[in-house]
Amino acid sequence: MYNVRKVTEELWWVGANDRHTTLFENIHPIPNGVSYNSYLLLDEKTVLFDCVDWSAAPQLVENVEHLLQGRKLDYIVLHHLEPDHGAGLWAVLQKWPEATVVSSLAAQKFMDQFGFAPVKGERMVAKEGETLSFGGHSITFYAAPMVHWPDVVVSYEEKEGILFSADAFGTFGALNGKLFNDEVDFAHDWLPDARRYYTNIVGKYGPQVQALLAKAAGLDIKMICPLHGPVWRSDIGWFVDKYDKWSRYEPEDKGVLVVYGSMYGGTEQAAEALCAALTQRGVANTLYDVSTTHVSQLIAESFRFSHIVIASVTYNMDFYPPVRDYLEDMKALNLKGRTFALMENGTWAPNAGKLMGEFVAGELGGTVLEPKVTMRSTLAGSQAGELEALADAIAASVKG
Ligand code: FEO
(Lines give C-alpha, C1' and ligand atoms only; values in the text may rest on other atoms or scores of the structure.)
Protein backbone atom coordinates (compact mmCIF):
# COMPACT_ATOMS: atom_id res chain seq x y z
CA MET A 1 0.00 0.00 0.00
CA TYR A 2 1.31 3.46 -0.87
CA ASN A 3 1.83 5.87 2.01
CA VAL A 4 2.16 9.52 0.99
CA ARG A 5 1.43 12.91 2.56
CA LYS A 6 0.72 16.20 0.85
CA VAL A 7 3.27 18.84 1.80
CA THR A 8 2.02 21.69 -0.38
CA GLU A 9 -0.35 21.79 -3.37
CA GLU A 10 2.14 20.14 -5.74
CA LEU A 11 4.68 18.65 -3.37
CA TRP A 12 4.29 15.29 -1.63
CA TRP A 13 6.22 13.36 0.98
CA VAL A 14 6.93 9.95 -0.54
CA GLY A 15 9.55 8.61 1.88
CA ALA A 16 9.48 5.65 4.22
CA ASN A 17 9.94 4.76 7.87
CA ASP A 18 12.38 2.20 9.20
CA ARG A 19 11.57 0.44 12.46
CA HIS A 20 13.79 -2.57 11.81
CA THR A 21 17.30 -1.14 11.76
CA THR A 22 18.59 -1.21 15.32
CA LEU A 23 21.82 0.74 14.82
CA PHE A 24 21.99 3.81 12.56
CA GLU A 25 25.29 3.77 10.67
CA ASN A 26 25.71 0.47 12.56
CA ILE A 27 26.70 2.51 15.62
CA HIS A 28 23.85 4.55 17.08
CA PRO A 29 20.79 2.84 18.58
CA ILE A 30 17.48 4.02 17.13
CA PRO A 31 14.79 2.51 19.36
CA ASN A 32 12.25 4.94 17.90
CA GLY A 33 13.20 4.11 14.32
CA VAL A 34 14.11 6.63 11.65
CA SER A 35 12.47 8.10 8.57
CA TYR A 36 14.06 8.48 5.17
CA ASN A 37 12.35 11.46 3.61
CA SER A 38 11.82 11.82 -0.11
CA TYR A 39 9.61 14.40 -1.77
CA LEU A 40 7.89 14.36 -5.15
CA LEU A 41 7.06 17.55 -7.06
CA LEU A 42 4.31 17.31 -9.66
CA ASP A 43 4.88 20.44 -11.71
CA GLU A 44 5.27 20.75 -15.49
CA LYS A 45 8.24 18.52 -14.80
CA THR A 46 8.13 15.74 -12.22
CA VAL A 47 10.93 15.76 -9.69
CA LEU A 48 11.91 13.30 -6.99
CA PHE A 49 13.93 14.95 -4.25
CA ASP A 50 16.22 12.32 -2.73
CA CYS A 51 15.81 8.61 -2.29
CA VAL A 52 15.80 6.27 0.69
CA ASP A 53 17.73 3.43 2.26
CA TRP A 54 17.84 0.22 0.24
CA SER A 55 15.53 -1.54 2.70
CA ALA A 56 12.84 1.09 2.13
CA ALA A 57 13.14 1.32 -1.65
CA PRO A 58 9.99 -0.74 -2.43
CA GLN A 59 7.87 1.70 -0.43
CA LEU A 60 9.44 4.68 -2.20
CA VAL A 61 8.84 3.20 -5.64
CA GLU A 62 5.22 2.35 -4.76
CA ASN A 63 4.62 5.88 -3.46
CA VAL A 64 6.10 7.55 -6.54
CA GLU A 65 4.29 5.25 -8.93
CA HIS A 66 0.98 5.99 -7.21
CA LEU A 67 1.37 9.76 -7.55
CA LEU A 68 2.83 9.85 -11.04
CA GLN A 69 -0.19 8.03 -12.42
CA GLY A 70 1.63 7.08 -15.57
CA ARG A 71 3.61 10.32 -15.98
CA LYS A 72 7.32 9.91 -16.49
CA LEU A 73 9.81 10.95 -13.86
CA ASP A 74 11.87 13.80 -15.27
CA TYR A 75 14.40 14.53 -12.53
CA ILE A 76 15.90 12.96 -9.45
CA VAL A 77 17.58 15.58 -7.30
CA LEU A 78 19.98 14.09 -4.77
CA HIS A 79 21.05 16.48 -2.06
CA HIS A 80 23.11 13.80 -0.31
CA LEU A 81 24.37 10.46 -1.50
CA GLU A 82 25.07 8.63 1.78
CA PRO A 83 23.48 5.19 1.38
CA ASP A 84 20.63 5.87 3.83
CA HIS A 85 19.38 8.08 0.97
CA GLY A 86 21.40 7.12 -2.08
CA ALA A 87 20.98 3.34 -2.09
CA GLY A 88 17.35 3.57 -3.16
CA LEU A 89 18.42 5.36 -6.34
CA TRP A 90 19.22 2.03 -7.91
CA ALA A 91 15.62 0.84 -7.51
CA VAL A 92 14.14 4.14 -8.74
CA LEU A 93 16.32 4.05 -11.85
CA GLN A 94 15.19 0.51 -12.61
CA LYS A 95 11.66 1.89 -12.82
CA TRP A 96 12.36 5.30 -14.41
CA PRO A 97 15.71 4.94 -16.22
CA GLU A 98 15.10 8.06 -18.30
CA ALA A 99 15.19 10.40 -15.28
CA THR A 100 17.98 12.96 -15.17
CA VAL A 101 19.98 12.63 -11.95
CA VAL A 102 21.01 15.97 -10.45
CA SER A 103 23.62 16.05 -7.70
CA SER A 104 26.95 17.52 -6.72
CA LEU A 105 30.03 16.27 -8.52
CA ALA A 106 31.18 14.54 -5.34
CA ALA A 107 27.83 12.73 -5.11
CA GLN A 108 28.23 11.52 -8.70
CA LYS A 109 31.60 10.08 -7.81
CA PHE A 110 30.19 8.43 -4.70
CA MET A 111 27.21 6.94 -6.54
CA ASP A 112 29.61 5.27 -8.93
CA GLN A 113 31.77 4.01 -6.08
CA PHE A 114 28.75 2.55 -4.31
CA GLY A 115 27.23 1.26 -7.53
CA PHE A 116 23.92 3.06 -7.08
CA ALA A 117 23.63 4.39 -10.65
CA PRO A 118 24.00 1.51 -13.09
CA VAL A 119 22.18 3.24 -15.97
CA LYS A 120 23.49 5.44 -18.73
CA GLY A 121 20.86 8.13 -18.16
CA GLU A 122 21.67 11.81 -18.12
CA ARG A 123 23.37 13.44 -15.19
CA MET A 124 23.56 17.09 -14.19
CA VAL A 125 25.87 18.71 -11.69
CA ALA A 126 24.27 20.84 -8.99
CA LYS A 127 26.48 23.88 -8.50
CA GLU A 128 26.39 26.62 -5.89
CA GLY A 129 24.02 29.41 -6.94
CA GLU A 130 22.64 27.63 -10.00
CA THR A 131 18.88 27.53 -10.49
CA LEU A 132 16.86 24.73 -12.02
CA SER A 133 13.28 25.37 -13.15
CA PHE A 134 10.56 22.75 -13.25
CA GLY A 135 7.65 24.95 -14.38
CA GLY A 136 6.03 26.96 -11.59
CA HIS A 137 8.72 25.90 -9.16
CA SER A 138 12.44 26.41 -9.34
CA ILE A 139 15.23 25.58 -6.95
CA THR A 140 18.59 27.19 -6.30
CA PHE A 141 21.46 25.10 -4.97
CA TYR A 142 23.74 25.96 -2.09
CA ALA A 143 26.77 23.85 -1.26
CA ALA A 144 26.82 22.52 2.30
CA PRO A 145 29.97 20.37 2.39
CA MET A 146 30.42 18.24 5.51
CA VAL A 147 26.83 18.72 6.63
CA HIS A 148 27.33 15.86 6.77
CA TRP A 149 29.45 14.45 3.89
CA PRO A 150 31.47 16.42 1.33
CA ASP A 151 28.84 15.87 -1.36
CA VAL A 152 25.99 17.68 0.39
CA VAL A 153 24.04 20.46 -1.29
CA VAL A 154 20.81 22.01 -0.07
CA SER A 155 18.31 23.78 -2.28
CA TYR A 156 15.82 26.57 -1.85
CA GLU A 157 12.50 26.62 -3.65
CA GLU A 158 11.55 30.23 -4.30
CA LYS A 159 7.77 30.07 -4.90
CA GLU A 160 6.85 28.48 -1.56
CA GLY A 161 9.96 29.27 0.45
CA ILE A 162 10.98 25.64 0.96
CA LEU A 163 14.46 24.67 2.05
CA PHE A 164 15.40 21.12 1.12
CA SER A 165 17.98 20.83 3.85
CA ALA A 166 19.51 17.35 3.40
CA ASP A 167 20.62 15.93 6.77
CA ALA A 168 20.45 19.34 8.42
CA PHE A 169 17.42 19.78 10.70
CA GLY A 170 16.90 16.02 10.67
CA THR A 171 16.29 13.76 13.62
CA PHE A 172 16.08 10.10 14.54
CA GLY A 173 12.54 8.75 14.93
CA ALA A 174 9.98 7.17 12.61
CA LEU A 175 7.15 9.50 11.61
CA ASN A 176 4.28 7.24 12.65
CA GLY A 177 1.79 9.00 10.40
CA LYS A 178 2.68 12.49 11.60
CA LEU A 179 4.70 14.46 9.08
CA PHE A 180 4.77 18.06 10.30
CA ASN A 181 6.42 19.46 13.41
CA ASP A 182 3.07 20.89 14.52
CA GLU A 183 1.51 17.42 14.46
CA VAL A 184 3.82 16.23 17.27
CA ASP A 185 5.04 17.58 20.60
CA PHE A 186 8.53 18.06 19.27
CA ALA A 187 10.09 19.70 22.33
CA HIS A 188 8.82 16.92 24.57
CA ASP A 189 8.85 13.80 22.40
CA TRP A 190 11.46 14.48 19.70
CA LEU A 191 14.09 16.86 20.99
CA PRO A 192 16.22 14.22 22.76
CA ASP A 193 16.43 12.18 19.54
CA ALA A 194 17.05 15.34 17.50
CA ARG A 195 19.87 16.32 19.82
CA ARG A 196 21.34 12.82 19.74
CA TYR A 197 21.09 12.78 15.94
CA TYR A 198 22.74 16.16 15.46
CA THR A 199 25.48 15.82 18.03
CA ASN A 200 26.61 12.35 16.97
CA ILE A 201 26.09 12.56 13.21
CA VAL A 202 26.94 16.18 12.40
CA GLY A 203 28.39 17.38 15.71
CA LYS A 204 31.99 17.36 14.52
CA TYR A 205 31.18 19.84 11.78
CA GLY A 206 30.03 22.88 13.76
CA PRO A 207 31.86 25.44 11.57
CA GLN A 208 30.33 23.95 8.43
CA VAL A 209 26.85 24.07 9.99
CA GLN A 210 27.48 27.69 10.94
CA ALA A 211 28.38 28.40 7.30
CA LEU A 212 25.12 26.81 6.16
CA LEU A 213 23.12 28.81 8.73
CA ALA A 214 24.74 31.99 7.43
CA LYS A 215 23.61 31.14 3.88
CA ALA A 216 20.12 30.24 5.09
CA ALA A 217 19.81 33.52 6.99
CA GLY A 218 19.53 35.33 3.66
CA LEU A 219 16.55 33.23 2.53
CA ASP A 220 12.87 33.67 3.33
CA ILE A 221 12.32 30.15 4.60
CA LYS A 222 8.72 29.16 5.26
CA MET A 223 9.26 25.42 5.38
CA ILE A 224 12.16 23.04 5.94
CA CYS A 225 12.06 19.61 4.34
CA PRO A 226 14.88 17.53 5.87
CA LEU A 227 15.93 14.00 4.99
CA HIS A 228 14.98 12.62 8.41
CA GLY A 229 12.16 13.46 10.80
CA PRO A 230 9.34 16.00 10.69
CA VAL A 231 8.88 18.72 8.09
CA TRP A 232 9.09 22.16 9.71
CA ARG A 233 6.34 24.63 8.83
CA SER A 234 6.10 26.55 12.13
CA ASP A 235 8.45 27.57 14.95
CA ILE A 236 11.33 27.28 12.49
CA GLY A 237 13.33 29.82 14.45
CA TRP A 238 13.14 27.68 17.59
CA PHE A 239 14.79 24.73 15.84
CA VAL A 240 17.28 26.90 13.98
CA ASP A 241 18.29 28.32 17.36
CA LYS A 242 19.00 24.78 18.63
CA TYR A 243 21.21 24.14 15.60
CA ASP A 244 22.95 27.45 16.14
CA LYS A 245 23.75 26.58 19.76
CA TRP A 246 24.82 23.01 19.00
CA SER A 247 27.06 24.07 16.13
CA ARG A 248 28.72 26.74 18.29
CA TYR A 249 29.17 24.09 21.00
CA GLU A 250 27.28 26.27 23.44
CA PRO A 251 25.33 24.44 26.16
CA GLU A 252 21.56 24.63 26.08
CA ASP A 253 21.13 24.26 29.83
CA LYS A 254 23.00 25.45 32.86
CA GLY A 255 23.21 22.24 34.82
CA VAL A 256 25.29 19.18 35.51
CA LEU A 257 25.73 15.91 33.69
CA VAL A 258 27.13 13.30 36.08
CA VAL A 259 28.71 10.28 34.40
CA TYR A 260 30.08 7.52 36.56
CA GLY A 261 32.15 4.42 35.86
CA SER A 262 31.85 2.03 38.74
CA MET A 263 32.91 -1.60 39.15
CA TYR A 264 31.53 -2.59 42.53
CA GLY A 265 29.22 0.29 43.45
CA GLY A 266 31.42 2.59 45.51
CA THR A 267 31.87 5.18 42.76
CA GLU A 268 28.21 4.92 41.83
CA GLN A 269 27.19 5.59 45.42
CA ALA A 270 29.44 8.65 45.61
CA ALA A 271 28.12 10.01 42.29
CA GLU A 272 24.56 9.62 43.49
CA ALA A 273 25.40 11.40 46.76
CA LEU A 274 26.84 14.27 44.74
CA CYS A 275 23.62 14.49 42.70
CA ALA A 276 21.64 14.74 45.94
CA ALA A 277 23.94 17.49 47.19
CA LEU A 278 23.55 19.38 43.89
CA THR A 279 19.77 19.02 43.96
CA GLN A 280 19.71 20.40 47.51
CA ARG A 281 21.57 23.42 46.15
CA GLY A 282 19.00 23.93 43.42
CA VAL A 283 21.30 22.77 40.62
CA ALA A 284 19.74 20.74 37.80
CA ASN A 285 21.55 17.46 37.27
CA THR A 286 21.24 14.10 35.59
CA LEU A 287 23.08 10.85 36.28
CA TYR A 288 24.29 8.14 33.88
CA ASP A 289 26.21 4.88 34.22
CA VAL A 290 28.90 4.97 31.54
CA SER A 291 28.90 1.16 31.33
CA THR A 292 25.23 0.80 30.45
CA THR A 293 24.47 4.05 28.62
CA HIS A 294 25.22 4.21 24.92
CA VAL A 295 27.90 6.78 24.25
CA SER A 296 25.65 8.57 21.75
CA GLN A 297 23.35 9.46 24.64
CA LEU A 298 26.27 10.68 26.76
CA ILE A 299 27.46 12.83 23.85
CA ALA A 300 24.01 14.37 23.41
CA GLU A 301 23.81 15.21 27.10
CA SER A 302 27.34 16.59 27.02
CA PHE A 303 26.31 19.04 24.30
CA ARG A 304 23.25 19.93 26.37
CA PHE A 305 24.76 20.72 29.77
CA SER A 306 27.24 23.38 30.85
CA HIS A 307 28.96 21.21 33.48
CA ILE A 308 30.14 17.61 33.47
CA VAL A 309 31.16 15.56 36.49
CA ILE A 310 33.10 12.40 35.74
CA ALA A 311 33.45 9.83 38.49
CA SER A 312 35.75 6.97 37.53
CA VAL A 313 37.49 4.02 39.04
CA THR A 314 41.18 3.51 38.39
CA TYR A 315 41.70 0.60 36.01
CA ASN A 316 45.15 -0.66 35.01
CA MET A 317 46.47 2.64 36.41
CA ASP A 318 44.34 4.49 33.85
CA PHE A 319 40.77 5.67 34.04
CA TYR A 320 37.96 3.28 33.29
CA PRO A 321 37.96 2.13 29.60
CA PRO A 322 34.29 3.11 29.00
CA VAL A 323 35.08 6.57 30.40
CA ARG A 324 37.99 6.80 27.97
CA ASP A 325 35.71 5.80 25.08
CA TYR A 326 33.28 8.54 26.08
CA LEU A 327 35.96 11.22 26.39
CA GLU A 328 37.62 10.17 23.14
CA ASP A 329 34.25 10.44 21.40
CA MET A 330 33.80 13.91 22.81
CA LYS A 331 37.22 14.82 21.45
CA ALA A 332 36.42 13.35 18.02
CA LEU A 333 33.25 15.46 17.87
CA ASN A 334 35.15 18.64 18.78
CA LEU A 335 33.01 19.33 21.82
CA LYS A 336 34.83 21.96 23.85
CA GLY A 337 34.15 24.64 26.40
CA ARG A 338 32.64 22.58 29.20
CA THR A 339 33.43 22.89 32.89
CA PHE A 340 34.39 19.61 34.55
CA ALA A 341 34.58 18.27 38.08
CA LEU A 342 36.22 14.97 38.90
CA MET A 343 35.79 12.11 41.35
CA GLU A 344 38.22 9.21 41.37
CA ASN A 345 38.34 5.82 43.03
CA GLY A 346 41.27 3.47 43.60
CA THR A 347 41.39 0.76 46.20
CA TRP A 348 45.19 0.88 46.49
CA ALA A 349 46.49 3.48 43.99
CA PRO A 350 43.89 6.04 42.77
CA ASN A 351 45.19 7.57 39.54
CA ALA A 352 42.11 8.22 37.40
CA GLY A 353 41.60 11.81 38.57
CA LYS A 354 45.03 13.02 37.54
CA LEU A 355 44.77 11.44 34.09
CA MET A 356 41.18 12.56 33.50
CA GLY A 357 42.14 16.08 34.54
CA GLU A 358 44.96 16.12 32.00
CA PHE A 359 42.66 14.77 29.28
CA VAL A 360 39.74 17.14 29.76
CA ALA A 361 41.97 20.19 30.18
CA GLY A 362 44.37 19.27 27.40
CA GLU A 363 42.28 17.46 24.79
CA LEU A 364 38.88 19.00 25.44
CA GLY A 365 39.92 22.51 26.41
CA GLY A 366 37.84 22.17 29.56
CA THR A 367 37.99 24.02 32.84
CA VAL A 368 38.50 21.72 35.83
CA LEU A 369 36.95 22.74 39.14
CA GLU A 370 38.55 22.01 42.50
CA PRO A 371 38.43 20.13 44.78
CA LYS A 372 38.74 16.72 43.26
CA VAL A 373 37.26 13.96 45.42
CA THR A 374 39.38 10.85 45.92
CA MET A 375 37.95 7.70 47.44
CA ARG A 376 39.47 4.37 48.29
CA SER A 377 36.96 1.63 47.42
CA THR A 378 34.12 3.74 48.81
CA LEU A 379 33.58 7.31 49.85
CA ALA A 380 34.03 7.20 53.64
CA GLY A 381 31.48 8.88 55.88
CA SER A 382 34.29 11.05 57.17
CA GLN A 383 34.64 12.50 53.63
CA ALA A 384 31.17 14.07 53.64
CA GLY A 385 32.77 17.49 53.90
CA GLU A 386 34.78 16.88 50.73
CA LEU A 387 31.63 15.99 48.84
CA GLU A 388 29.87 19.10 50.15
CA ALA A 389 32.84 21.23 49.12
CA LEU A 390 32.72 19.83 45.60
CA ALA A 391 28.97 20.42 45.41
CA ASP A 392 29.51 24.02 46.61
CA ALA A 393 32.14 24.61 43.95
CA ILE A 394 29.96 23.21 41.18
CA ALA A 395 26.88 25.13 42.35
CA ALA A 396 28.87 28.38 42.47
CA SER A 397 30.17 27.78 38.97
CA VAL A 398 26.77 26.86 37.53
CA LYS A 399 25.07 29.87 39.10
CA GLY A 400 27.99 32.22 38.56
FE1 FEO B 1 21.01 10.74 6.46
FE2 FEO B 1 24.34 11.67 6.06
O3 FEO B 1 22.77 10.68 5.75
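This is a predicted model: local features need pLDDT of at least 70, side-chain atom pairs count only at pLDDT 80 or more; totals for chains, interfaces and linings use all residues.
Local features were taken at pLDDT of at least 70 and side-chain atom pairs at pLDDT 80 or more, while totals for chains, interfaces and linings use all residues. Residues are numbered from 1 along each chain as its sequence is written, and side-chain values rest on heavy atoms, leaving out hydrogens and water.

Start with the sheet: it is open, with seven strands in the order 1-2-7-8-9-10-11 and mixed pairing. Strands here are DSSP E runs of at least two residues, helices are H or I runs of at least four, and both are numbered from the N terminus; two strands pair if DSSP finds at least two bridges between them. Strand 1 (5-8) and strand 11 (123-125) sit at the edges with a single partner strand each, so one side of each has no neighbour in the sheet. Further in the list, strand 7 (residues 39-42) and strand 8 (residues 46-49) run antiparallel over four bridges, with Tyr39 standing opposite Phe49.

On to the rings. Rings of Phe, Tyr and Trp (its six-membered ring) pair if their centres lie within 6.5 Å, with planes under 30 degrees apart called stacked, over 60 edge-to-face and the rest tilted; that gives 27 aromatic pairs. Phe110 and Trp149 have ring centres 6.0 Å apart and planes at 85°, so they meet edge-to-face. This pair links helix 4 (residues 105-114) to the loop between strands 13 (138-143) and 14 (153-157), 39 residues apart. Phe110 is buried at 15% relative accessible area, whereas Trp149, at 22%, is partly exposed (buried is under 20%, exposed over 50%, partly exposed in between; 1.4 Å probe, protein chains only).
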